[in-house]
Amino acid sequence: MRIENECFLLPKAGNRTDEYEDASHSSTHVHKETTCCRFAIADGASESSFAELWARLLVKGYCLGRLGDKQIHRSVSPLSKAWQKKTSGKSLPWYAQEKLGSGAFSTLAGITFRFAVDAESAVFDAIAVGDSCIFHVREETMIASFPLSTADDFGSRPVLISSNAANNVQLHAFVRKWSGTAEAGDEFWLMTDALACWLLTRYKEDSSVISIIQKLAGERDFNTLVHEERRRHHREGCFYLRNDDVTFIRLKLVKGK
């Protein structure tokens with residue numbers, strides 16, 4: 001078995017690429033006859049300082065196996081120190097310096113697959129903090145949505161991981177965990193909040209949105225879809241896709257080496 005993966009991303013409409021504050025990462029490790037593949041996304045909070053750096057540190061930390069779900073506030077600590085080291089000594093206006101003291105904030109969603117090369121199934125486990133989501137798709141059906149399952153579950157103040165260790169003392173209580181088994185042919189989609197909320201909204205109205213995503217042939221198709229959905233009016237008077245940074249990792253479990 002192997003996992004095919006693609007990553008698509010786009011900043012907010014009107015923003016430059018260097019203003020994008022999401023992050024994604026992946027890793028593959030082979031231990032004897034077992035392969036371990038990790039994938040993660042994060043959404044840095046725009047109102048915090050150096051959020052893009054914090055998001056990058058979190059996804060890399062997860063994919064390197066450095067984040068434990070039981071004592072996550074402790075395993076995040078070395079990443080907090082790395083963030084502080086990279087941001088200290090910068091010449092900033094007084095108000096930006098005060099903001100820096102509060103730290104950066106970000107969501108995180110990560111999934112790990114373990115399987116043998118000749119296997120036709122894989123076990124997986126996932127964690128999430130906040131509203132970045134992972135979807136399990138089989139053929140043209142969404143069979144699971146984690147950690148949120150409806151568009152109504154998204155709020156304006158999701159739980160976030162902070163680069164300031166003092167803010168993470170109770171974090172373990174908000175870590176969501178998920179595990180299961182996947183078959184060859186299954187797909188897993190990792191999406192940051194705006195795109196995840198859009199998918200759940202569209203899927204509730206018409207499940208054929210699954211095949212639309214499956215048929216995306218590359219970056220151009222993804223960008224076209226995002227631009228169209230940002231302009232498509234929802235019956236409630238808003239747009240289907242909120243104008244925000246979007247990140248999408250598309251995974252497919254495939255038979256063979």
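A: Fine. Lys-32 is exposed, with a relative accessible area of 86%. Bear in mind that this is a predicted model.

Q: Where is Lys-32 found?
A: Lys-32 sits in the loop between strand 2 (22-31) and strand 3.

Q: What is the phi of Lys-32?
A: Lys-32 has a positive phi of about 55°, although it is not a glycine. Most residues other than glycine have a negative phi.

Q: And Glu-139, what is its phi?
A: Glu-139 is not a glycine either, and its phi is positive, about 60°. Glu-139 lies in the loop between strand 7 and strand 8.

Q: Is Glu-139 buried or exposed?
A: Glu-139 is exposed, with a relative accessible area of 67%. The cut-off for exposed is over 50%.

Q: Which residues does a cis peptide bond join?
A: Phe-146 and Pro-147 are joined by a cis peptide bond, with omega about 0°. Most peptide bonds are trans. Pro-147 belongs to the loop between strand 8 (141-146) and strand 9 (161-162).

Q: Back to strand 3. Is Thr-35 buried or exposed?
A: Thr-35, which is found in strand 3 (residues 34-43), is buried, with a relative accessible area of 10%.

Q: What does Thr-35 touch?
A: Leaving out residues up to four places away in sequence, Thr-35 touches Thr-28, His-29, Val-30, Phe-113, Arg-114, Phe-115 and Val-117.

Q: Let's do helices. How far apart are the end C-alpha atoms of helix 1?
A: They are 19 Å apart. Helix 1 covers residues 51-63, and at 1.5 Å a residue its 13 residues should span 18 Å, which agrees.

Q: How many of the residues of helix 1 are buried?
A: Ten of the 13 are buried, so helix 1 is largely enclosed by the rest of the structure. The buried residues are Ala-51, Leu-53, Trp-54, Ala-55, Leu-57, Leu-58, Val-59, Gly-61, Tyr-62 and Cys-63.

Q: What follows helix 1?
A: Gly-65 follows helix 1, and the phi of Gly-65 is positive, near 75°.

Q: New topic: strand 11. How many of its residues are buried?
A: Five of the five residues of strand 11 are buried, so strand 11 is largely enclosed by the rest of the structure.

Q: Which residues are on which side?
A: Glu-187, Trp-189 and Met-191 are on one side of strand 11, with Phe-188 and Leu-190 on the other. Both faces are covered. In a regular strand the side chains alternate between the two faces of the sheet.

Q: Which strands are joined to strand 11?
A: Strand 7 (residues 133-138) runs antiparallel to strand 11, joined by five bridges. His-136 has Phe-188 as its bridge partner there. Strand 11 (residues 187-191) is also joined to strand 12 by five bridges, again antiparallel. In that pairing Trp-189 stands opposite Arg-250, and Leu-190 stands opposite Ile-249.

Q: What else pairs with strand 12?
A: Strand 1 (residues 2-10) pairs with strand 12 in the antiparallel sense, over nine bridges. Arg-2 stands opposite Val-254. Eight of the nine residues of strand 12 (residues 246-254) are buried, so strand 12 is largely enclosed by the rest of the structure.

Q: What about Val-226, where does it lie?
A: Val-226 lies in helix 7 and is buried, with a relative accessible area of 1%. Neighbours within four places aside, Val-226 is in contact with Leu-10, Leu-241 and Val-246.

Q: Which residues line the largest cavity?
A: Met-191, Leu-195, Trp-198, Ile-213, Leu-216, Phe-222, Leu-225 and Phe-248 line it. The lining divides into eight nonpolar, no polar and no charged residues.

Notes:
Residues numbered from 1 in each chain as written. Predicted model: local features only at pLDDT ≥ 70, side-chain atom pairs only at ≥ 80, totals over all residues. Heavy atoms only, no water. Helix = DSSP H or I, 4+ residues; strand = E, 2+ residues; numbered from the N terminus. Expected span 1.5 Å × (residues − 1). Buried < 20%, exposed > 50% of the residue type's maximum accessible area, 1.4 Å probe, protein only. Contact = heavy atoms within 4.5 Å. Pairing = 2+ DSSP bridges. 1 Å grid on protein atoms, 1.4 Å probe; cavity = no way out; pocket = protein on both sides within 12 Å on 5 of 7 lines; lining within 4 Å. Nonpolar A, V, L, I, M, F, W, Y, C, P; charged D, E, K, R; others polar.
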